[in-house]
Amino acid sequence: SPSLPVYTQEEVAKHCSLAEGVWVTYKGGVYDITEFVALHPGGEKILLAAGGALEPFWALYAVHNQGHVLEILSEYKVGELSPEEREQADSATDPYADDPPRHPALRVNSQKPFNAEPPSEILTDTYITPSAFFFKRNHLPVPRVDPGTYRLEIQGLPKGPVSLSLADLKSNFPKHTVTATLQCAGNRRLEMNQVKQVKGLNWGIAAISNATWAGARLRDVLLEAGYKPGSKFQHVQFEGLDHDVTGTTYGASIPIRKAMSEEGDVLLAYEMNGEELPRDHGYPVRVVVPGTVGARNVKWLAKIVVSEEESSSHWQQNDYKGFSPGTDWDTVDYKSAPAIQELPVQSAITQPAQGSTVSCSKGELTVKGYAWSGGGREVIRVDVSLDGGKTWNVATLGGAEEGQEAATSPPPGRAWAWKLWELTVPLPAETQELEIVCKAVDNSYNVQPDTMAPVWNLRGVLSNAWHRVKVTVRK
Ligand code: HEM
Ligand code: MTE
């Protein structure tokens, strides 16, 4: 609006406290938000932006990328920055400026922080997902870590704190290799969103990927650091090096039982697919907790705390939990639900693609996809229907090696990697529209729910109903 006064950055900067008034800038506009400070859902943190630009903070807290937030802001507009100053403000330090380059084929859900999944059509073309295409889920800017000065601190054990270098980790402990699938709790949230709006990134079916990880066993490291079986500890907490503007780091924890289990295969991984970890995936060290939700696989690992308590982080306490479809943002009590650890059984169709047109010149159709279950439970069967779930066929489960029909069974309770599956069926001549459906069964005979509505939850996690793909058949 041209009638509003033009201010300089210097004038804005003077309004940097509740006493002087709290002014901020956003995309060239000047806002007096003094009155809003006490109303801010994110609390006092808002004062960090006083006298300056909102952009770097909002780049960190993606929760602000919503229409209603901009509406609130617009009520407080008091002026404009001059065009020259506006340009300077635009180039103001971006906490994400040092993020690594990424492959342009990735489907980006958010740039800052970077969240992206591979195109679902290629997801199951390889058993091991190439690292460049492995889904990326970051809450914060990717930290730059110097491997020479990197230290891993281990705290909470009676012997006192231990500090390890990257070289210590590589040379003092046997290198252990595990092929494990990681899945984000929000995989397939898009489909839940179609039932009713949820809060979160709109992941398709590819917030899941499979890699070979190598590193030291967490168990070996904790035993060396003085952990004694039978002690009072209940949890192992992890802290990342990635942090927000207030210095708050990403954190999560897992039960000690999983961490110390000889068959748990929890790694402090320094390799992914035979190479150093890429920066996006936690260089130089990340935790890999096979069978456990992605969120506990802490990247850029800085600290391990053995404790009687779970991690106090936001992501352990107030996120990544499941609720009833009847629970809304007014009634949700995060304390009432356990943190997600093992994930439920999951499967999805990668080929043909949703909404595509398939040619049936050969009179048959090949359907492909993935299946996986949490907690090391092995997928024993995938059922596929071409008529929306009325009749079913059993798919062939693919193995670890390309072209191998059935995988050598993993050791009991340690099925950490997904199974790729495939089914070729004749197409009835009269067919025009197909609703292809898949559902997996794990070795506890857990099954997927047939529809999303009964498992809908306000955060859109644990989205694992039958996957349905509609295609048009062309003669
Ligand atoms: C959450 C508005 C500045 C940190 C929110 C929400 C709104 C909001 C409406 C709730 C969004 C939702 O859940 O749908 C604003 C406005 C701002 C502002 C209008 C500027 C005038 C900031 C700044 C910071 C910040 C500068 C950090 C330094 C947060 C955090 C949350 C949040 C951490 C999440 C709280 C939670 O879910 O626990 N903000 N905000 N905000 N805000 Fe802001
Ligand atoms: N670790 C740190 N330090 N910071 C993060 O933002 N994201 C978590 C987890 N570990 C995260 C993290 C989440 S929610 C998931 S799903 C996985 O990392 C994703 O791992 P990836 O990016 O290697 O696929």
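## Close-up views of two ligand sites

**View 1. Side-chain contacts at ligand 1.** In this predicted model, a polar side-chain atom of His 68 sits 3.4 Å from an oxygen atom of ligand 1. Lys 199 also reaches an oxygen atom of ligand 1, with a polar side-chain atom 3.0 Å away. His 64 contacts a nitrogen atom of ligand 1: an N or O atom of the His 64 side chain lies at 2.8 Å.

**View 2. The pocket around ligand 1.** Ligand 1 takes up the space of the largest pocket. Two elements each give two or more residues to the shell: helix 2 (55–60) and helix 3 (67–74). Helix 3 supplies the largest share, four residues. In total, 21 residues surround ligand 1, and the closest are His 40, Lys 45, His 64, Gln 66 and Lys 199. By class, the shell holds 14 nonpolar, five polar and two charged residues.

**View 3. Polar contacts at ligand 2.** An N or O atom in the Lys 299 side chain lies 2.5 Å from an oxygen atom of ligand 2. Backbone atoms take part too. A polar backbone atom of Arg 137 is 3.0 Å from an oxygen atom of ligand 2. A backbone N or O atom of Asn 297 is 3.0 Å from a nitrogen atom of ligand 2. The protein covers 100% of the 530 Å² of accessible area that ligand 2 has on its own.

View 4. The shell numbers 20 residues; the closest are Phe 135, Asp 242, His 281, Arg 286 and Lys 299. Nine are nonpolar, six polar and five charged.

Note on methods. Residues numbered from 1 in each chain as written. Chains lettered and ligands numbered in written order. Predicted model: local features only at pLDDT ≥ 70, side-chain atom pairs only at ≥ 80, totals over all residues. Heavy atoms only, no water. Near = heavy atom within 4 Å. Polar contact = N/O pair within 3.5 Å; in protein donor to acceptor, adjacent residues only side chain to side chain. Areas by Shrake-Rupley, 256 points an atom, 1.4 Å probe, with all protein chains shown as cover. Nonpolar A, V, L, I, M, F, W, Y, C, P; charged D, E, K, R; others polar. 1 Å grid on protein atoms, 1.4 Å probe; cavity = no way out; pocket = protein on both sides within 12 Å on 5 of 7 lines; lining within 4 Å. Sits in = over half its atoms within 2 Å of the grid points.
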